[in-house]
Each structure stands twice: as C-alpha cells, then as structure tokens.
Amino acid sequence: MKTSTGVASSLLLRLDSRSSTALHEQLFEGIRARILAGALAPGLRIPSSRQLAAELDVARSTVLQALDALMAEGYLVARAGSSTRVAPELPGLLEDRSRSLVARSSRGPRLAASARTLKTSPVGAPRLGAAPRAFRPGVPALDLFPTALWARTVSRVHARASTGLLDGGDPSGHAPLREAIATHVSSSRGVRCEPSQVFITAGTQQAFDEILRLALDPGDAVWVEDPGYPGARRAVLAAGGRPVPIPVDPEGLDVSVGMARAPRARVALVAPSHQYPLGATLSLARRMALLQWAGRTRSLIIEDDYDSEFRHRGRPLTALQGLDDAGCVVYVGTFSKSMFPGLRLGFLIAPPSLVEVFSAARAAAPAPASTLEQAALAVFLAEGHFARHLRRMRAAYRERGEALLEALRADCSGVLTPRPCDTGMQVCASLAAPLSDLRVRDEAARKGVEVAALSDYFLGRRRESGLVFGFGGVHPDALRAGTRTLARALEAAHRR
C-alpha cells in the first residue's frame with residue numbers, strides 16, 4: 001500500500017449542527033469514511049486542530065475529541081512535537097483499496113456446500129401483500145380467531161406472572177403447557193406420550209432443526225417427500241444432511257423407493273396424515289413398512305403433523321406415532337396453523353429413549369419461546385377454548401374447501417383437475433398440458449391472485465405440473481372471485 005508525504009489542505013467535510021448526532025461524532029465518522037474510501041491516503045498529514053476548528057466553525061475541543069478517537073482506533077497517528085497523519089497501516093484494510101470493491105463484495109465469504117444449495121432452492125413467487133388473499137397457501141382463518149378471548153387470557157396470565165415465569169422457566173418448556181399438549185394429542189391424535197416427552201419449540205422449523213442436528217452426521221441421507229414441504233428440505237441442508245427425494249403418490253411416500261435409493265438413511269421426514277402439497281394420506285401398509293424399516297435400521301422418523309387436526313368430516317386420523325412400538329418416531333406439531341402464525345409456538349414429542357438426550361441439549365440452550373405466551377396457551381387449552389376453536393375451524397375449512405372446489409369446476413374445468421380434499425387448508429390441482437405452472441403462477445400474480453406452482457415443491461425430476469391453492473384464510477366470496485381472475489390468467493398464460 002503506497003503512502004503519501006503530502007498535506008491535506010482541507011478535509012472538505014461539513015457538520016450539521018441540527019443533527020441529533022454530536023458534532024465530534026460527525027467529524028469522527030466523516031474522517032474515518034474518507035480514510036476507508038482512500039480519499040485520505042496512508043501517511044497524509046492532517047490539518048492542525050486549530051485549522052480544522054476554524055474551517056468547520058466548531059470549538060477546538062470538538063476537533064480534539066474526534067482526533068483522539070481516531071488515534072485510539074488506529075486511523076491516525078501522532079508523535080510528540082510532530083504533525084498528525086493518516087496511519088501507514090490501516091486497520092481492517094487487508095488489501096489495496098484501489099481494487100474493485102464491487103467485485104469483492106459480490107463474492108462474499110466462503111459458504112458450506114449446504115448453504116450454497118440453499119441459495120439455489122426455489123422460493124416461489126413473492127407475496128403480494130401482508131393481508132391474506134386468494135389463494136395463498138398456509139394461512140389459517142385469522143378472521144375467525146377469538147382475538148378478544150386470547151387477549152384476556154394473555155392479560156390474566158401477565159397480571160399473575162410469577163418470578164419463575166419472568167425468569168424464563170424450564171428450557172424444555174412450561175410444565176403446564178407440556179401437560180396440556182400431552183393430554184390434547186393423546187385424545188385427538190392417538191399419540192402415546194407422557195408430559196416429560198413433550199418439548200416446546202418456536203414452531204415447526206425449530207423442531208426440525210433441533211431433531212436433525214441431534215440425529216445427523218455430515219452427509220447422512222434423509223428421506224424427504226417429493227414433491228414436499230420446502231422447509232423440511234432446507235432444514236436437512238442446514239443440519240448438514242443429504243436430502244434424498246422419495247416420490248409421493250396417492251398412497252403417500254413410496255417406502256419401497258426409499259429403501260432402494262437410501263436403504264441406510266438416518267432419518268425419514270414425512271407428513272403421513274396429510275402430505276403437503278399433494279394432500280395424500282400414507283396408507284396403512286406403507287405406515288407399517290416405514291415403521292418396520294426404521295426399527296430394522298435404527299433410523300429416525302420425523303412425523304410432521306402440521307394441519308391434520310382439520311379433518312373436514314369425521315375424527316382426525318391416528319398419528320403414525322401411535323403405531324410406533326420401537327420408539328423410532330419423533331412427532332412434531334405446531335400452533336401456527338391452529339391458532340395464528342405470529343404465535344410461533346410448536347412442540348416435539350420424543351420417544352422415551354431420547355428424552356434424556358433432548359433434555360441435555362435443551363439444558364445448554366436458551367428457552368425456545370416466551371414463557372408468558374406458553375403459560376397463556378396452557379390456560380387456553382386447559383379451559384377448553386382451543387378445542388372449541390378447532391371445532392369452529394373444521395366447519396369453516398369444510399365450507400371454504402367446498403366453495404373453492406365448486407368455483408374451480410365452474411371457472412377452470414378442463415384446465416385444472418383438483419385432487420380430493422378432506423383435510424387441512426389447501427388443495428392441489430393438476431394442470432393440463434402444455435401449460436407451465438410457473439407461467440400461470442406469475443400471470444396470476446400480475447392479476448393480483450396468489451397461487452403456488454407445484455414445480456417449486458419438487459427436489460428431483462418434476463413429474464407433474466399443477467397449482468397449490470390455499471383457502472383457509474379466505475372467505476368463500478373472495479375464493480369465487482379469485483377463480484374468475486385465475487381463469488383469465490390461465491387464458492393469458494395459454495396465449496404466451
């Protein structure tokens with residue numbers, strides 16, 4: 001790095017006396033910025049404090065305060081009886097500033113292979129706004145959530161909060177909430193567990209991350225549904241695993257293909273009760289085959305039970321965990337779909353043999369979520385409000401799902417063929433060839449309608465073109481209006 005022996009006659013700085021930032025701080029930042037930008041070369045002599053004070057019309061003490069700070073950080077140097085100069089060796093500058101800053105910043109630090117893969121994963125079309133609209137997947141019926149009742153519950157818990165609650169509580173989760181969850185999933189989902197097996201999480205993604213980091217060594221294979229939930233795939237990559245795409249058909253995950261592609265996979269990540277995005281249910285034969293494989297290979301099954309409580313008719317299906325006699329299944333649930341996404345509360349249920357491991361992992365980690373919110377949710381469950389809310393949501397989703405299917409038949413018949421929909425808040429529809437689902441998605445977005453392209457959910461070779469519709473957060477009238485707009489988007493996409 002070349003140095004200069006010249007003198008800066010002026011620093012060409014301006015200070016703003018009306019700014020909330022102190023004048024000496026403005027001067028410090030101004031000089032430092034010019035040094036880092038290369039405008040003040042290493043070794044260049046700085047004007048005296050008197051000259052700078054006169055030039056900037058400030059007190060000399062202001063200038064001295066800024067110069068002292070710059071010398072303390074190594075940007076300026078001064079010797080007794082000598083002038084102040086820009087330091088010949090500048091802190092933080094490891095190469096010549098004359099090289100292209102753009103070229104260096106565009107490359108950035110080196111990343112792990114898993115992070116590089118994350119950067120290239122499809123993320124779908126951008127959301128068109130914060131408010132739920134047709135047909136954004138994954139949005140619950142926020143218009144029907146008992147906001148006032150929840151607010152009163154939260155307020156009551158906050159008013160009575162103990163020191164233990166304020167201190168953060170048990171890293172595994174608030175004990176009354178763990179008890180309430182164990183009771184609820186036992187009666188509603190056929191899960192077999194004790195409260196000690198329940199661990200509170202900050203949603204599904206955190207549960208995936210925690211399980212996978214305990215289960216995987218770098219490069220271990222993980223079965224993931226294909227097409228499947230992109231968040232599961234990202235969690236595997238983030239934990240250093242190798243996602244192996246396993247096709248899904250009307251019977252759910254094809255276990256025989258999984259055993260052929262990765263017979264010794266460490267983990268299988270599945271949604272057996274209501275697969276996303278196709279909506280398939282894992283058949284009993286495949287459930288038993290999956291459990292037998294996991295028991296034989298000592299592999300782990302992560303059961304993602306994100307919305308299967310919303311079965312439109314009849315009781316929800318029994319969870320895979322309820323059939324597990326070998327202790328291979330970790331059950332994952334969330335309140336983001338049944339309550340509201342901003343709650344960010346979920347849970348995992350560990351097999352008895354893994355409780356000690358999960359407890360030890362939690363002991364060294366911060367609490368997964370606000371203890372006060374956990375306490376409020378525990379009261380909400382214990383007093384029966386959650387069960388009543390679920391019953392109301394099931395009826396609403398049945399009505400909205402039927403309205404969407406009827407509207408699709410009326411407006412998009414011959415182009416879209418919906419799959420059966422008896423659970424949850426979304427439906428998948430096959431798209432007639434030769435239309436591209438990505439093109440339809442983008443055309444619909446231009447017309448103000450959000451719909452997901454099935455192509456974005458495939459990890460392996462895309463086998464089908466289709467659209468994924470969310471209907472949970474949208475009133476039936478808006479769903480019908482949305483299909484009319486979608487029909488125009490389909491026509492426009494066909495013409496392109």
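Predicted model: local features only at pLDDT ≥ 70, side-chain atom pairs only at ≥ 80, totals over all residues.

1. Residues are numbered from 1 along each chain as its sequence is written, and side-chain values use heavy atoms, with hydrogens and water left out.

2. On the overall composition, the protein has 17 helices and 14 strands, these being DSSP runs numbered from the N terminus (helices H or I, at least four residues; strands E, at least two). Of its 496 residues, 50% are buried. Among contacts (heavy atoms within 4.5 Å) with a separation of 6 or more, 72% are between residues 24 or more positions apart. The accessible surface, from the Shrake-Rupley method with a 1.4 Å probe, comes to about 23400 Å², and 52% of it belongs to carbon and sulfur atoms.

3. Eight strands make an open sheet with mixed pairing, in the order β3-β10-β9-β8-β7-β4-β5-β6; two strands are taken to pair if DSSP finds at least two bridges between them. The edges are β3 (198-201) and β6 (252-253), and each has a single partner strand, so one side of each is left without a neighbour in the sheet. Helix α13 (residues 355-363) lies across β3 and β10, at about 35° to β3.

4. Within that sheet, strand β4 (residues 221-226) deserves a comment, since six of its six residues are buried. Ala221, Trp223 and Glu225 point one way and Val222, Val224 and Asp226 the other way. Strand β4 runs parallel to β5 (residues 242-249), joined by six bridges, and arginine 242 in β5 is the bridge partner of alanine 221.

5. A second open sheet contains four strands in the order β11-β12-β14-β13, paired antiparallel. Its edge strands are β11 (416-418) and β13 (452-453), each pairing on one side only. Three bridges join β11 to β12 (residues 426-431), and threonine 417 stands opposite serine 430. Helix α15 (residues 385-412) packs on the sheet and touches β11, β12 and β14 (466-470), with its direction at about 160° to that of β11. Helix α17 (residues 476-495) lies across β11, β12 and β14, running at about 160° to β14.

6. The structure holds 22 salt bridges, defined as a side-chain nitrogen of Lys or Arg within 4 Å of a carboxyl oxygen of Asp or Glu. In one of them, aspartate 305 meets arginine 189 (2.7 Å, N to O). Aspartate 305 lies in the loop between β8 (300-304) and β9 and arginine 189 in helix α8, so the pair ties together parts that are 116 residues apart in sequence. Both residues are buried, arginine 189 with a relative accessible area of 0%. Beyond its neighbours within four places in sequence, the contacts of arginine 189 include Ser273, Glu309, Thr318 and Tyr331.

7. Arginine 192 and aspartate 325 form a salt bridge with the closest N and O atoms 3.1 Å apart; arginine 192 is in the loop between α8 and β3 and aspartate 325 in the loop between β8 and β9, 133 residues apart. Aspartate 325 is exposed, at 69% relative accessible area. Arginine 311 and aspartate 422 also meet in a salt bridge (3.9 Å, N to O). Here arginine 311 lies in the loop between β8 and β9 and aspartate 422 in the loop between β11 and β12, so the pair ties together parts 111 residues apart in sequence. Arginine 311 counts as buried at 18% relative accessibility, whereas aspartate 422 is partly exposed at 37%.

Note on methods: Axes fitted to C-alpha atoms, helices over the stretch in contact; angles between N-to-C directions. Buried < 20%, exposed > 50% of the residue type's maximum accessible area, 1.4 Å probe, protein only.
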